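Subject: Structure for you to look at

Hello,

I am passing on a structure that is new to you. My notes follow it.

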Amino acid sequence: MLSSRATANLNLIQSMKKIIISILCLCGAFALSTQLSAQENIWDREQLSGDWGGKRSAWATQGYQFSFTYDVEVFRNASGGTSKGTVIDGLGYGALDIDLEKVVGWSRADFRISTLWTHGASPTGKHVGDEMTVSNMDAYDGLRLYEVWIDKTVGKNSVRFGNLLADEEFGGTEYGGVFFNAAFGQPAFWSANTLNTGPAFNVTALGFRYRRNFTDAWYAQAAVYDGDTFDSASGDVTINQHGTHFELGNGQGWTSLYEIGRNGFNTDDGTGLPGWYRVGAWHHSASFSKHDGTNGEGNWGLYGIADKMLWREEGEGDQGLGSFVRFGTGQRDRSRFHWVLDTGLSYTGLLPGRDEDVAGLGFVYAKHAGDITDAVKSHEAVIEATYRIQLTPAIYLQPDIQWINRPSGDNTTSDALVFGLRAGFNF
């Protein structure tokens, strides 16, 4: 029988094998694309696979847009958490977007179908033990069907229906996307307080979204989704592991989001200091266990978000300093987190000659509900510093460091110090 250390080493070796195989496959595709597009400088390409002998551009003109990306990362928990150690994981994404007006004559209508390939170990599950999740790529292994939807616009009204991601349209931030910790993406005041994290990376849900654009900046939107993306109240990921298990009802309820805002980035002329401000609410209709041992029908919360460009380099478009702040709540008597605050700064083009690089410094504080009965009556907090290096239009490299205070709110677990490095490729 293998020792725990030998088992850990074996798992790491297996993960490294997967990464090596992936890289070899990508290198093969890259070599093929070089032969197909030898006349183009590979360092200037928006996509590493090139134009596919002109076919990619021709298909795009006809209304078919292909997207392929692959990201790989390594994390090292240097101290604290549940154990020291290193993990590697990867994420592949592929999508086909179809302009239905060009293809079938249906005006202002679009279709998307996409897939995810996730593999590798979880830094949170293996070594850190935090609740907000060290990596926003953290997911159980598998190849799965992802988004499948149709979006139709009539006048100032837009509807989208199909297999949807709520975090793509609700509650996000303009300047929080550079960070690795998942709490900067789908907000923890929603993901931790709903059923099985809700319809967000890496599991979509059947749903319907309506949006009204009053002006180019002002909008209001609402959406309703299947209440359990896992189709398992106990959180069994294998039931819907490949994204092809569709079940409505069966006691899992439904979840909905509502948001109104003004997005000044939509009307930005490249000279001012735009901002994006919105308020919203989330709700889940299922029965939730309350901290006093009884059950309560539904859970809900409110949120507010502000993104603001603070300083713009003269005549440099998006280059400059931006900030964001986001605050949200859940019902105290049945939520894991009573309230969550995250905020940060992001600077594009901080260093001379590095106009596309992005530096970020972020902070998250998640307050546990004070009457949780499992002795976790504190908080979890994260400080993250990161720098995204845009090596070419299609390749980036990003070092990252996170300090995690009280993982899972347990003051008996030492604060974790985690170092990460991610590389991304656009094909």
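Arginine 326 and aspartate 342 are both buried, where buried means under 20% relative accessible area with a 1.4 Å probe and protein chains only. Their side chains meet in a salt bridge (3.0 Å, N to O), that is, a side-chain nitrogen of Lys or Arg within 4 Å of a carboxyl oxygen of Asp or Glu. The pair links distant parts of the chain, with arginine 326 in strand 11 (residues 320-329) and aspartate 342 in strand 12 (residues 337-348), 16 residues apart. Strands are DSSP runs (E, at least two residues), numbered from the N terminus.

The model is predicted: local features need pLDDT of at least 70 and side-chain atom pairs pLDDT 80 or more, while totals for chains, interfaces and linings use all residues. Residues are numbered from 1 along each chain as its sequence is written, and side-chain values use heavy atoms, leaving out hydrogens and water.

In the whole structure, a search finds 14 salt bridges. One of them joins aspartate 97 and arginine 112, with the closest N and O atoms 2.7 Å apart. Aspartate 97 is in strand 2 (residues 85-99) and arginine 112 in strand 3, so this pair ties together parts 15 residues apart in sequence.

Arginine 160 and glutamate 169 also form a salt bridge (3.7 Å, N to O), and both are buried. A network of salt bridges links Asp151, Arg160, Glu169 and Arg209.

Regards

Notes. Helix = DSSP H or I, 4+ residues; strand = E, 2+ residues; numbered from the N terminus. Buried < 20%, exposed > 50% of the residue type's maximum accessible area, 1.4 Å probe, protein only.
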